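This report is for a reader meeting the structure for the first time.

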Amino acid sequence: MGTRPRTPNDAFTGADPLDRDPALLPVALDQTEHDAQERRWTPAKIALWAGISLLGGLSWVMLAVVRGETVNAIWFVFAAVCTYLIGYRFYSNYIQKHLLKPDDRRATPAEYKADGKDFAATDRRVLFGHHFAAIAGAGPLVGPVLAAQMGYLPGTIWIIVGVVLAGAVQDYIVLFYSMRRGGRSLGQMARDELGKIGGTAALIATMAIMVIIVAILALVVVNALAASPWGVFSVGMTIPIALFMGCYLRFFRPGKVSEVSIIGFVLLLAAIIGGGAISNTAWGAAFFHVDPVPLAIGIIIYGFVAAILPVWLLLAPRDYLSTFMKIGTIGMLAIAIIIVRPEITVPAFSEFVANGGPVVSGSLFPFLFVTIACGALSGFHALIASGTTPKLIEKERQTRFIGYGGMLMESFVAIMALVAAVSIDRGIYFAMNSSAALTGGTVEGAVAFVNSLGLTGVNLTPEMLTQTAKDVGEATIVSRSGGAPTLSVGLAHIMQQVAGGSGMMAFWYHFAIMFEALFILTAVDAGTRVARFMLQDSLGNFFPKFKNTSWRTGAWLTTGIMVLLWGAVLIMGVTDPLGGINTLFPLFGIANQLLAAIALAVCMAIVAKQGKFKYIWIVAVPLAFAAIITIYASMLKIFSTIPAVGYFAQNKAFSDALAAGKTSFGTAPSVAAMEAVVRNTMVQGLLSILFVTLAIIVIVSSVVATWKSWKSRDFGTNEDPALPSQMFAPSGFLPTPAEKELQGRWDAQAAAEKSARRAQDTGAGAPGR
């Protein structure tokens, strides 16, 4: 375990080794001060929370109970924000107080394992940006758009309620438990808590699923940036900007987060605006026009470099930088919705709830809950929360703000994506998101197909599709599936009503495309680094030296292995006749939620081993829901006889078509595409069997471990030994008055010590000395 030698300043008294000498500045507020702040209810505070509760309740009534022909989009914003505020203030505080019990007197791995590379105490605001950017990938943008097929209400309830009770709970608890265990990966924690069988299954599952997840994230980036000079330039420029920010904070102006934030924000805006200007020049259009395969190779190289560089140099500042654009864009969209107040004509529950439709195959239960993964509950987040983030946290109480709060922010992104999708005409929505096999890839074919669906109030015309494409500066919007183009059209439709009018729709559309590409790419670099940590932890069970993340040879070797694995899947997807997204995305959703079930299962075993059975329901309830949903969905994908749902049923249908001598079938326009479907569905089916089997083993192992702890009452912990902290930092984004006062004392002491050193240096260099 990480230790450090005691220094003359390590003056501790009393029975508790974390008690600090009263003569020294405290490293944390006393717990009684935190409790007093929580209990201090003034009339103004009571009125504020009463108002939030009433507004939230009214918003939910308008969305779920009132059944008019339309619903105003502002109720989505108010319902989400009010629910998030209540969930964070009360439920996350309940978890913190009763289940986790953080102690800021205790040093975090960022302090006692500090190496300046992977372990580095990072300002909580920068770390929030890094964590949010790392977890917020394709899921919160794509999933809600696809699920809009089922109506606005199912997705809204799952995103908002699901995140408060499940997604944010998972992220927060996994982050805290990993931090208490020296930043160990989820797979290694599973091995420590569940034994050899359950732990091995978890290690294999997490690494295999991680390869698929990073590959699909990278594939979405390739699809968004390929042949887009504007996107390649703007996203590419974030790398040197982030390097500058990292060096600025490290060497030139340490601690000046606000200062470098303003500089980074201005440079980011310049990169976005400059990208548009350069893409309109002949040389810019030629130089920054990159085809899919070279772009994929570039992303693979970037993933390797980003994972081996010190985290303060590229990863943290780049993710912090991208957070400006992410949160800024979503906040801008929310404000625009409040100003414009668009009326939503999509029904609460659509015609496709029971049997699925042209966008998502399968019924609402269980496929809504795996189509919308990130934004409500995501296993990928557990890998980040047990990967880079726990190695960077300054103080234990910051895990609530970063883990629970970061996930709430991502959920808001998902809600805004859903609102953008349902705000456009339903006919245009289905024309954009139905496959080319259904629409023929033409305006006329799309009009005929959509109108044949018999949707109430939908009468699509060719002019509607051609005019929309013209407005956003695209040749066509027909069969632009995958979610990103639909979100961009919805955002452009809303924003042009606030700024610029219809003449600005093309700008807003391409701005949204850049926003989505930047959103996703930051998850690729963080995911690669986490994959490296996972492999190092796994190999460390056999070769202990790999557990030392500061060992550069081991870091480079494990990074190279993981990059080659997901890079190979990425290249396969890029060169696939059907574009690759059809191969990987359906598997992504289920695998991601199975990983969430694995993470919650590990957390349940830890809670049981600590003897906290009174609060085990906090983890057990979302675990039960995730397990039922994902195992049932997996069984349907494996055993369903409906080709649109089952992998092997689809495999058989296409195999039979090939055997019958057909040259096209279903979504495949050629023999090569048909053969690709046969190959891909077999890969999907076999991987689904592997993933669900491993997940069941982990869940059963967790239940057995929990039962043993209950029966034997033999409690213990695999946490690292508690070491006293030597630093102070506030626990939330904004410091409380008490934290601000203590921070001022620490700043004054630092300034006095700096002045004393300067005087000493000056005296030592004076003549005659």
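P366 is found in helix α14; helices (H or I, at least four residues) and strands (E, at least two) are DSSP runs, numbered from the N terminus. The peptide bond that joins F365 and P366 is cis, with omega at about 15 degrees.

The model is predicted: local features need pLDDT of at least 70 and side-chain atom pairs count only at pLDDT 80 or more, while totals for chains, interfaces and linings use all residues. Residues are numbered from 1 along each chain as its sequence is written, and side-chain values use heavy atoms, with hydrogens and water left out.

## α14 against α25

Two packed helices are described by the angle between their axes and the distance between the axes. Axes are lines fitted to C-alpha atoms, for helices over the stretch in contact, and angles run from 0 to 180 degrees between N-to-C directions. Helix α14 (residues 364–371) packs on α25 at an angle of about 105 degrees, and their axes are 9 Å apart. The two helices are therefore roughly perpendicular to each other; angles under 35 degrees count as roughly parallel, over 145 as roughly antiparallel, 65 to 115 as roughly perpendicular and the rest as oblique.

On the α14 side, F365, P366, F367, F369 and V370 meet F625, I629, T630, Y632, A633, L636 and K637 in α25, where contact means heavy atoms within 4.5 Å. These residues divide into ten nonpolar, one polar and one charged. In this classification Ala, Val, Leu, Ile, Met, Phe, Trp, Tyr, Cys and Pro count as nonpolar, Asp, Glu, Lys and Arg as charged, and the others, Gly among them, as polar.

W158, L165, A166, V169 and I173 of α7 make the contact with I618, V619, P622 and F625 of α25.

S634 is another residue of helix α25. Is S634 buried or exposed? S634 has a relative accessible area of 1% and is buried; buried means under 20% relative accessible area, exposed over 50%, partly exposed in between (1.4 Å probe, protein chains only). Not counting residues up to four places away in sequence, S634 touches I590, L594 and V692.

## α3 against α16

Helix α3 (residues 74–100) and helix α16 (residues 398–423) have axes that come within 11 Å and cross at roughly 160 degrees. This makes α3 roughly antiparallel to α16. The residues in contact include F76, Y84 and Y88 of α3 and F401, Y404 and M416 of α16. The contact has 14 nonpolar, six polar and two charged residues.

## The largest nonpolar core

A nonpolar core is a set of buried Ala, Val, Leu, Ile, Met, Phe, Trp, Tyr and Cys residues joined through side-chain atoms within 4.5 Å. The largest one here has 216 residues, and I173, Y177, M416, L465 and W566 touch the most other members. Helix α8 (residues 186–225) supplies the largest share of this core, 23 residues.

Which residues does Y177 touch, not counting residues up to four places away in sequence? They are L99, L100, M189, C603, I606, V607 and Q610.

## L295 in α12

L295 is found in helix α12 (residues 292–308). With a relative accessible area of 11%, L295 is buried. L295 and A226 are 69 residues apart in sequence, and their C-alpha atoms are 6.8 Å apart in space. Leaving aside neighbours within four places in sequence, L295 is in contact with V222, L225, A226 and V290.

K101 lies in the loop between α3 and α4 (109–112). K101 is not a glycine, although its phi is positive, at about 50 degrees. R341, in the loop between α13 (315–340) and β2 (343–344), is not a glycine either and has a positive phi of about 50 degrees. R341 counts as partly exposed, at 48% relative accessibility.

G661 lies in the loop between α26 (647–659) and α27 (671–712). At 54% relative accessibility, G661 counts as exposed. G661 and L600 are 61 residues apart along the chain, and their C-alpha atoms are separated by 48 Å.
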